[in-house]
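I opened my notebook with the model on screen.

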Amino acid sequence: MGQISQVHFVDVRIGVVTFPGSLDDTDAARAVRYAGAEPVRLWHADRDLRGVDAVILPGGFSYGDYLRCGAIARFSPVMGELVPAAQAGLPVLGICNGFQILCEAHLLPGALTRNAGLRFIHADVRLTVTNAQTAWSSAYRAGQALTVPIKNGEGAFVADEATLDELERTGRVVVRYTDGALNGSSRDIAGICNEAGNVVGLMPHPEHAIDPLTGPSADGLGFFTSIVGALTGAGA
Amino acid sequence: MSDKDTVEVAAATPEVTQPYKELGLTDDEYQKIRGVLGRRPTAAELALYSVMWSEHCSYKSSKVHLRNLAPDADQSRYLLAGIGANAGVVDIGQGYAVTFKIESHNHPSFVEPHQGAATGIGGIVRDILAMGARPIAVMDALRFGAADAHDTARVLPGVVSGISFYGNCLGLPNIGGELAFDPCYVGNPLVNALCVGLMRHDDLKSAVATGPGNKVVLFGSRTGPDGVGGASVLASATFGEDGGKAAKRPSVQVGDPFMEKLLVECCLELYAADIIEGIQDLGAAGVACATTELAAGGDGGMSVDMDTIPLRDPNLTPAEILMSESQERMMAVVRPEHVDAFMAICRKWDVEATVIGEVTDDDTLTMKWRGATVVQIPPRTAADGPVYRRPLARPENLDALQASGPERLARPAEGPGLRAALLQLLGSPGLADKRWVTQQYDSRVRGNTVLAAPEDGALVRVGEETGLGIALATDGNGRYCTLDPYRGTQLALAEAYRNVAMTGAVPVAVTNCLNFGSPEDPAVMWQLAEAVRGLADGCKALGLPVTGGNVSLYNQTGATAIHPTPVIGVLGVHDDVRQRLAAGFAADGAEVVLLGRTSPEFGGSAWAGVVHQHLGGLPPAVDLDAERQLAIVVNAAAAAGLLASAHDLSDGGLAIALAEACLYGGRGCAVALPGDSFTALFSESAARALVSVVPGREREFAALAAEHGVPATVLGVTTGDTLTVEGAFQVPLTELEQVWTGTLPAIFG
């Protein structure tokens, strides 16, 4: 994949993990470039984060997702490095399958289950930013409206009532589906973060909304410029 | 018997009765095999010949006609590899080449819709992969029985879920295709899958086994008992009156898209390492086909030790191993010194790989199993197969069909009747919103999809910096082809060509999937011959090469064949996808212009079919020169930034094009119709398009159209939230939307 000439890299290196069956890794790497950082490819079988400043777990069907989405990826060697690093504050963004993996790895609460209607859904949806304080959402303002695609078969976020209450009470819902969740997510939750705000999971795909030529908008780019800003001290 | 049926035993026991008929071979074919070998075949050899000589693999009934599609010099200017290779390769400039092909998976998709359709995607993707290309997108052309027919409720959701499951998990954007309904497909749904791949010019791979001593490696999934005889007993025979689904279900393959994804990445890394001499995908006829075709394409023979083939079921007989169509397998020819590196790359991707034999210099394909020789044949005799010149006869009922034209059908003349007809068409299953289907497909993965369904043509970016892209469309119209297969095929070609042109791309190459009934019926063979002749003449007139194709015969149940349904795919090159045009009205106050000439042509039209359940008369006239000029005008206008939208006119004519342009763009228009309102709205004259012009550029655009002799009729202007046909009727967009979106969810849930 060529690099676009008009972008000037700042000194931010963001890892993009490729598991067997990862599909949106190229797209996540492109979004990192569009945001002005350097994408670093990380391999599932390597116990090595290559000194990156942040990590993205991209969408796809890791290991085929024949068991439970993300259930096998969670045990891969790279996750053995990533989990303690995330607990120590390394910014991590999980998109779709990446969100599923973060839940399986217990870096985020809850789980993603089969869509209401039991069919795969690909659609452009409207989102509302509800937490613009995290490392991955600071380029937005609270209440901002975004149009970003969803594409998932198991995207219905579920958690027990106490956890959902806790997520809402502590502002850990990062984005919500504005017009209701097509996939049946509890309380229209589209994305959440951990207590520290460095680990974010999103069911929608912001990497597919970085250029109106290939997506419904460029609204998703903010997740990637957020982290670049947070890491360079320029944003937030 | 098959356990011990070695070459020696076969030579000594000529009297043994063999089940060649059950395997789909005729008496003559069986005798021919005995003649070639000078003895009776072993059970394994019989299995091998039965699949290789099946209609599906050998094209024995269609070959004499397909020769007409070979491009001449003028058509070949974009071509790097043509018919005969696994798929044709087209030069698209800037050092890039593209390969694309469409293939049927009709019979399996009827028997087991989910896996049948899923493995259709898997198979065509491996075809493209075997050319050395990275698969970058897929499309599906789907045809089912009436939407409300009982069996469609089983077949359609299964097919769509299979495509969704396999394609999404494989990570290839599904960028478009077709969805059509007609009672003729109820027992024979058509599931045609297209894949397009991208490579650099020097990455082209070939399916040949050269160099004696080179190793033959089988890699990917293990060989199991699924899909045994899929090519012969399933794809090359008609279904009985009972449908015969249950008995043939074991002949359907089972797909594992995750393994296919690993196989794709593994192959691309093997190509990059430049350690492969030849490569072949395993599709129809599995190991039998891959070994014979690799050996036949090379300069010698091949010896295979079947005991080394990794099996999912150790009890498989040699015949079953050869005929198995287990998915996600490839076969490569590798120099001995490269085998270690080959294996290392396979290990990295967790892909099982096994050396199963080597290339020999004796012109013989030899296979050993448990110490004895069970196959010993000249490979070209299996790979080439018989060629039939089957009898042709113009269908007896065709004159009557063409004579019973649509002229006598009651036509609305006044506003309310025209409005009702528009809404009836817009809400008919074939023209209604297809999101029930397309929402189940990922069209965005890989991040280069610029246009996807429901746009006329799909558009994929190839060069991120330069904006180079490719456009693709598939079209077919079985109703037109029933009335006149020659003209109907040219209309399908013209529509796909026009759809590609609407994006602003230049059409450069053609592929095809020819879906017909039984070749043993002279009327069907006549339809096939006429369709191929129409395609060949059409491609010559447009200056486009046919880069490959696929034939699916025996799409009939009992004596009832489907409509002859050639599906034509056209590939275009877009210089700069940032200048793409979409079908929806994109700006307010833009002049709405109809390009092309409209005549009263209703034979085979959507109006006749939907409103009157009528099929008769002649399809619209073909004018390929007009198609060419139309494409040139739209292309030049797109490059110059003169147009805000472009939408081709096809099924349902101007009425449907106007409604779609309003719905896609979310804005209305006010238009006045020239001449007879009914003809203006519902005629399906070809070589027409509906465009809207960027405000301020009207005179430039009019001059451009005039320069190329393309009639341009100003109809009105985009405005408001109502489709207004002056003096006739108005429909609010909300009503259009309701009618358009309600149909498929109401039927399929």
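I began with the radius of gyration, which is taken over C-alpha atoms, and its globule rule is 2.2 Å times the number of residues to the power 0.38. For 749 residues, a compact globule would come to near 27 Å, and chain B has 26 Å, which agrees.

I noted that this is a predicted model, where local features need pLDDT of at least 70, side-chain atom pairs count only at pLDDT 80 or more, and totals for chains, interfaces and linings use all residues. Residues are numbered from 1 along each chain as its sequence is written, while chains are lettered from A and ligands numbered from 1 in the order in which they are written.

**Chain B, overall**

I looked up the extent next. The C-alpha trace of chain B spans about 85 × 55 × 50 Å along its principal axes. I then checked burial: 64% of the 749 residues of chain B count as buried (20 or more other C-beta atoms within 10 Å of the residue's own, with C-beta atoms placed from the backbone).

**Chain B, domains**

I found domain 1 (1–61 + 206–388) and domain 2 (425–432 + 582–749) in chain B. These bounds come from an automatic or database domain assignment. The centres of the two domains, taken over C-alpha atoms, are 50 Å apart.

**Chain A against chain B**

I counted two residues as in contact if their C-beta atoms, placed from the backbone, lie within 7 Å. Chain A gives 24 residues to the contact and chain B gives 25 residues.

Methods
Buried ≥ 20, exposed ≤ 12 C-beta atoms within 10 Å, placed from the backbone.
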